[in-house]
Amino acid sequence: MIETKSVDRDPSEKSNTKVFVLVFLMLCVLTALSFWVANSYLMENKVVGWAAMMMVSVAKAMLVILFFMHLWWERAWKYVLTIPALFMGLLLVLLLVPDVGYRYLTYSKDRRENAPEPVVSELTEGDSVIPISD
Amino acid sequence: MNSKASPSDSTKIAKGDKDEGSHTHIELKYQPAVPVPKGKLAVWLFLSTEIMFFTALIGTYIVLRFGAPEGTWPTPEDVRVLEWLGAVNTFVLICSSVTVVFGMEAAKQNHPGKAKKWLLATFVLGCGFLGIKAYEYNSKFEHGIHPGTPRSLLYDRADLNYLSAVKANLDAEILKIEKKKTALASESVHSHGGGEKDLILIRAGLVQWTQKTVGETESPMVRQLVLESLAHQINPRRPNPRVETYLANEAADVKNQIAELLGQQEVVDEDVRQLQERVNAITKELGLEQDETKKSNIEIRLATATDESKAAATRSTEVVDLLAPLESRIAAYQQFNQIHDGLNEHFHLRLPMVIPSGNTWANTYFLMTGFHALHVLGGLIAFIVLMTFRLDSSKAGLMENVGLYWHFVDIVWIFLFPLLYLF
Amino acid sequence: MAEVSVKNSIAPDRKGNVVSRFVWTYVFATDHKVIGLQFLFSSLIWFFVGGFLALAVRWQLAWPWSDMPIFGHLLFAESGGQMSPGFYNMLFTMHATIMIFFVIIPILAGAFGNYLIPLMVGAEDMAFPRLNMMSYWFMWPAFACITLSFFMPEYGASAGWTSYPPLSVFQGDAQSLWLLAMVFVGISSMMGSINYLTTIIQMRAPGMTMFRMPMTVWGMFITAIMQAFALPVLTAALLMQLSDRILMTGFFLPENIAINNGVASSGGGQVLLWQHLFWFYSHPAVYIMILPAMGMVSDIISCFSRKPLFGYRPMVYSITSIAGLGFIVWGHHMFISGMNHTLAMSFMVSTMLIALPSGIKVFNWIGTLWGGKLQLTTPMLFCVGFVSMFVIGGLSGIVMSAPPVDIVIHDTYYIVAHLHYVLFASSVLGVLGAIYFWFPKMFGRMMNEKLGKIHFFLTFVFLNGTFFPMHFLSQMPRRVADPYIYEGLKDLLPLNQFMTICAIGMGLTQLIFVANFFGSMFFGPKAGRNPWNANTLEWTTASPPPHGNFDVQPIVRRGPYEYSHPDTEGDYYPQTETS
């Protein structure tokens, strides 16, 4: 019952194939795009680069969900299932974020001393290097 | 289930599943709320739970990655991640998503042969993905980049822990070579871990020197620099002018000290020579002397001279002892400073490395890619099971369900790729 | 997965010898009723194990370091019958773990969910009978892991049921077994919840619209949704902690921390992360442990008040909003953990908001009782007990939702009082009521009313004797083997002895229930199809229902609570009856 219905709602079979090929090409282009972003001037400000890459990923995921997973052709039940899942996922991640910031702000002395060394050292080029013997 | 898919059944009330060998007296009718087969609905529900599972993993990654001290997260080069390989894997998974869709379309149009071919293509692509993944894992494992402190070679800081780990590792390596040497006494030793000479030089000129400096110096800055320079020489993460300047200054300083010590050595040697002559002279005198009282006098003089001579000899060996580490240090500097890819790479050694936040990186990387790979494996098993059936239109629903799962696996990778390779 | 639903593999009258018949009927059972009973029996067995552990905890609190009867000599022969503080830690850890994961959740979702959902929505079985079978099978590795952990050198996991790192990472192997057991329980619940959701969404009888479903089904439905969203997060966290212990990763361990053998961990992790992920599941789990009971209690109260449930739709909406809010309140377990303070405030507000839907439910239960022709049968008594105890437990919950208060009473016996009023005095009373109510349907015989009433009154008195005084112990820290080492707490000893005596009385009272249960199973008077004159679909079929459940296609014509309906001669109006 269901398959026939969704086929009825589909465009004809041939154009369906066309849609899939088109989606495939777009996915390839988007993958190349995120690869380009990672190596471009956008990464000079990391946040901008990250946001761009995540947007590309979301676009790719949407293409897969809508066309490969047929949600484009499904009826309204798709919202009942996908939106709560999306909401819960975002909720979990977003509510973890404040503790990330908190960890930055109140890095305890003990932790700071035992934390990995930053690559960017406080020493600048002007600092003299202390010789080993007096 | 499949009877439901027949076009004749267009009423709102779908028929219940047939119970073969039935004990049910009647066939119950149902009123489904959602116009999809039960299996498909269950797969979607299962995928919702999977979303939460991977959200927890990605949330962990976000918290640990962005909560790591600023500027410590390893770059792809640090941890041997090849970005383009990740992109290739993305492409492989996208291709497999397309093939599984075409497989389902073929099954829907009742072309079982065609469907099976598409499915086989998907299976091969999935295996290809896992193959590339295995290659990537291997390239990290062979550099000791994996979670687990007692076995992995990752250290967050160049500190005393790190130093003792390097020392232990190096000693074990040298012991191994020596054992081999005794075992194959006649043959020349070709260890993958560089020649024994190099290892001994590393031990004397780098590790023991660092140990000595750390023990002797009062300055925490110097202690830090010498440890850092050891880590830098073993595994340079990027040009580090601070350490390089330090090493150059230190080398100049060591050279000066050697020159000074050589000067001292000349003086001491001269002393030794003169004192020896005096001892010889006195001994001769003692041999010629007959008078007993004078003899005892000379004997006293001889004893003093001998003592002085011995003291001078001790001073001489002391100077030699002082000279030895300095010389091996300078030799190590001259030999290893030109190696830009680090000792580990150059001599194919497996010495502990300092990669700040490297452990956290390894934990999250292997966690996420590992669980993703397990899901890929699950999909491949489902494909094998599916291929045992005749994939006509009656199996289209089943193929769609497996396809949905496979697309989900693809979507997870779509997010993991930028997060793990490009961020 | 679609394949699973095609055939029902079990054949109850399959020929063969006794052993193979037993195996096919009970081990490879795909019938939802058999699986429901399997869950029921295993949960009841674990209920007694968990109860014993609780009594051992109470023994230590009342007569610290004294010789425990029987077990003292058995386990601690060398120390003269005294338990060790580590053993005490094991006791409360395993008590909580068993009661939560092996008793309340499996008995509510596993036993009653399995048994009632298909019957109440008019389905012949679950959507995927074989998946259902797997869901019970996955309980057994969990049972095995927990049982095995009792024989480990430390007598069992002892890091608390919350298993906070870094403590939990320092524990012995019993902790790894504990984590594995929780993973298996999670897989089992996961399979169950997908099955329930599919059954409820797709397999309702004609005419059974969503708003004609009994509250029990609504409770199970919302619970299944909560499990589906919350459990995977716990599973992920458990697996990460397992890898912290076994693979020496450092997801939950900060830098510079030494593990057992002195090796520094890889570090870089966050202990708070575990608490977030753990409570993201375990707070919704609190509602998973009460929503189905709320649903069953609504049905029972309406039936024995012979009145429609007061405000059916508000009940449904409040159950839904409790579930929705339940997902954004987990931080109230972490107020003193060093969590972000702004976040704590938002958790406080959302926690207080939960009082609203909970209040709606309580008022609606009272509204249902109001003016009804009350029949004070045993199940009804248990349900009235549920409502009154839930009020106490709910109110103390609001008190501690404010961080300033919580900072003072965190980890004291006030919290213990609260959680036992919600989990024991509410959920378990609801479960007992449900057992008394559906026992005739499950076994075709009635339970003894007199024994049931004695059971109820003694349980009710003893549970209040045990748990109510805990409200006064808000200065006594929990999870401490001997609180009386503190000078200020020495006066509390007599009160604790009173509570322990009540607890022992409560434990003995359950023996009446055991006797009643097994006695009635074999000697109880035969029950007809509908001994309680209830409306819902399960009462239209035989007791116990045959394989396939219904001999007539159920067609639902009205809601489940049409009691004392003016259009009908009897005082009840079954959902299927033609008008």
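pLDDT is the predictor's confidence in each residue, from 0 to 100.

**Entry 1: ground rules.** I am working with a predicted model, in which local features need pLDDT of at least 70 and side-chain atom pairs count only at pLDDT 80 or more, while totals for chains, interfaces and linings use all residues. Residues are numbered from 1 along each chain as its sequence is written, chains are lettered from A and ligands numbered from 1 in the order in which they are written, and side-chain values use heavy atoms, with hydrogens and water left out. I noted the overall scores: ipTM 0.92 and pTM 0.89.

**Entry 2: confidence in chain A.** I looked up the average pLDDT of chain A and found 74, with 63% of the residues at 70 or above. Helices here are DSSP runs of H or I with at least four residues, strands are runs of E with at least two, and both are numbered from the N terminus. Within chain A, helix α1 (residues 2–9) has the lowest confidence, a mean of 42. Helix α3 (residues 46–68) of chain A has the highest, at 92.

**Entry 3: make-up of chain A.** I counted five helices and zero strands in chain A. Its pattern along the sequence reads α-α-α-α-α. Of its 134 residues, 40% are buried (buried is under 20% relative accessible area, exposed over 50%, partly exposed in between, with a 1.4 Å probe and protein chains only). Among contacts in chain A with a separation of 6 or more, 51% join residues 24 or more positions apart.

**Entry 4: confidence in chain C.** Chain C averages a pLDDT of 90, and 95% of its residues score at least 70. Residues 1–12 of chain C fall below 50, yet this stretch has 39 contacts in the model beyond near neighbours in sequence.

**Entry 5: helix pairs in chain C.** Two packed helices are described by the angle between their axes and the distance between the axes. The axes are lines fitted to C-alpha atoms, for helices over the stretch in contact, and angles run from 0 to 180 degrees between N-to-C directions.

I took α2 (residues 32–62) and α5 (residues 129–137) of chain C to begin with. They pack at about 10 degrees, with axes 10 Å apart. That makes α2(C) roughly parallel to α5(C) (under 35 degrees is roughly parallel, over 145 roughly antiparallel, 65 to 115 roughly perpendicular, the rest oblique). From α2(C), the contact uses His32(C), Ile35(C), Gln38(C), Phe39(C) and Ser42(C). From α5(C) come Pro129(C), Asn132(C), Met133(C), Ser135(C) and Tyr136(C). These residues split into five nonpolar, five polar and no charged. Ala, Val, Leu, Ile, Met, Phe, Trp, Tyr, Cys and Pro count as nonpolar, Asp, Glu, Lys and Arg as charged, and the others, Gly among them, as polar.

I turned to α9 (residues 215–246) and α11 (residues 291–305) of chain C. Their axes come within 7 Å and cross at roughly 175 degrees. α9(C) is therefore roughly antiparallel to α11(C). The α9(C) side includes Met215(C), Gly219(C) and Met226(C), and the α11(C) side includes Leu291(C), Gly295(C) and Asp299(C).

**Entry 6: cysteines.** I searched for disulfides (a pair of cysteine sulfur atoms within 2.5 Å). Cys28(A) is in none; its nearest cysteine sulfur, in Cys95(B), is 5.9 Å away. For Cys383(C), the closest cysteine sulfur is in Cys303(C), 10 Å off and too far for a bond. Cys383(C) is buried, at 0% relative accessibility.

**Entry 7: single residues.** Ser426(C) sits in helix α17 (residues 413–443) of chain C and is buried, with a relative accessible area of 0%. Leaving aside neighbours within four places in sequence, Ser426(C) contacts Ile290(C), Phe386(C), Met389(C), Phe390(C) and Tyr421(C).

Phe336(B) lies in helix α8 (residues 292–336) of chain B and counts as buried at 2%. Its contacts, with the neighbours within four places left out, include Asp198(B), Leu201(B) and Phe347(B).

Asn344(B) belongs to helix α9 (residues 342–346) of chain B and is buried at 9% relative accessibility. Beyond four places in sequence, Asn344(B) touches Ile234(B), Leu349(B), Arg350(B), Leu351(B) and Met353(B).

Note on methods: Contact means heavy atoms within 4.5 Å.
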